[in-house]
Amino acid sequence: MSEEMTRKPAWLKVKMPKGRAFTEVSHLIKDNELVTVCQEAMCPNRGECWSHGTATFMLCGEVCTRACGFCATRTAKPKPLDPEEPRKVAEAVAHMKLNHTVVTMVTRDDLKDGAAAHIAAAIRAIRRASPSTVIEVLTSDFNGNEDALAAVMDARPHIFNHNLETVERLSPIVRFRAKYRQSLHVLQRAAEMAPGMVVTKSGIMLGLGETREEIARTMDDLREHGVTVLTMGQYLRPSPRHLPVMEYIRPEVFDELRELALSKGFLHVASGPLIRSSHHDANFRPEQDILEAINADLRARGELA
């Protein structure tokens, strides 16, 4: 990597975490032995988000079964799932009085269902503890296992998020054990499994060597598979062992890409150097008819009072 690429530009500098809310969230996470993607993914927005009393919870442990070229999460043999984790996360969500919470996961290819039942249990636990909270899940591709995906969708998350991460040409390099087309299929099937009751969302990182034409094609692919919410952010190299940054994308380019995405029919687009999949999600809320459809379905099944 060139010397120029080792120096982050001014627009990527963030303030050090501080404040009472940040301290309270830190203690809450530590005391309940919870894991957040804020820590594991070395998110540059951790200070800002925690200072506003928000966090994205990462379930299924701290060890991933895949070794993607961009990700800071450790790869090794995972520990068994903690059956108390869904309850602990739900209690944290209720304690923090979150309007919108994001539950993500490490990939668990060692489990037959990819930990889908565990994620579904977390969705239901959060809903019991905090019925008004919008629940977003950011999941793996479950290796294309539709029964696993169906288990998650049956729990009725408001937003189903699965990231493409990059354009099709770079996908084998960036996440060699995941497939671009399979990810698109997962997003499409998630919407089909909960018609009118879920928003589907995806995200990509920029600065890995993709072209503007490839970004536009990726947008088209997502729209063709029913995705209506998109996030775009700058790839930041977690360590020298990870893929290098090929380019730092200027903020005005992210603005231009946001307008392009909106012109293609996305309903909500978060695009900027420091944007991450779950950053500032409270700025987006599903349409009222989707919220009402989910609540009606849950009441019919006796899962909501």
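**Ground rules.** I call a residue buried under 20% relative accessible area, exposed over 50% and partly exposed in between, using a 1.4 Å probe and protein chains only. I am working on a predicted model, where local features need pLDDT of at least 70 and side-chain atom pairs count only at pLDDT 80 or more, while totals for chains, interfaces and linings use all residues. Residues are numbered from 1 along each chain as its sequence is written, and side-chain values use heavy atoms, with hydrogens and water left out.

**Entry 1, overview.** I started with the secondary structure and found 12 helices and nine strands in the protein. For these I took DSSP runs numbered from the N terminus: helices are H or I with at least four residues, strands are E with at least two. Of the 305 residues, 53% are buried. I then looked up contacts, meaning heavy atoms within 4.5 Å. Among those with a separation of 6 or more, 76% join residues 24 or more positions apart. The exposed surface comes to about 14300 Å², with carbon and sulfur atoms supplying 52% of it; that area is from the Shrake-Rupley method with a 1.4 Å probe, and for residues only the protein chains shown count as cover.

How many salt bridges does the structure hold? I get 22, counting a side-chain nitrogen of Lys or Arg within 4 Å of a carboxyl oxygen of Asp or Glu.

I looked at D154 and R301, whose side chains meet at 2.8 Å, N to O, in a salt bridge. D154 lies in helix α7 (residues 146-154) and R301 in the segment after α12 (288-300), so this pair ties together parts 147 residues apart in sequence. D154 is partly exposed at 34% relative accessibility, and R301 is partly exposed too, at 31%. I noted that both belong to a network of salt bridges that links R124, D154, R156, D297, R301 and E303.

My next pair was E256 and R212, with the closest N and O atoms 3.4 Å apart. This pair also links distant parts of the chain: E256 sits in helix α11 (residues 251-263) and R212 in helix α10 (residues 212-224), 44 residues apart. Buried or exposed, or in between: where does E256 fall? I find E256 partly exposed, at 42% relative accessibility, and R212 partly exposed at 40%.

R258 pairs with its neighbour in numbering, E259, at 3.2 Å between the closest N and O atoms. R258 is partly exposed at 32% and E259 is partly exposed at 48%.

I checked for aromatic pairs, taking ring centres of Phe, Tyr and Trp (its six-membered ring) within 6.5 Å, with planes under 30 degrees apart as stacked, over 60 as edge-to-face and the rest as tilted. The count is zero. I did find the charged end of R223 over the ring of F266, 5.6 Å from its centre; the rule asks for NZ of Lys or CZ of Arg within 6 Å of the ring centre and within 35 degrees of the ring normal.

Which loop holds P131? It is the one between α6 (116-129) and β5 (134-138). P131 is exposed, at 52% relative accessible area. Leaving aside neighbours within four places in sequence, P131 is in contact with I126 and L304. I also noted 9.7 Å between the C-alpha atoms of P131 and N295, which are 164 residues apart along the chain.

β1 pairs with β4 (residues 100-105) in the parallel sense over four bridges; pairing needs at least two DSSP bridges between the strands. The bridge partner of L59 in β4 is M105.
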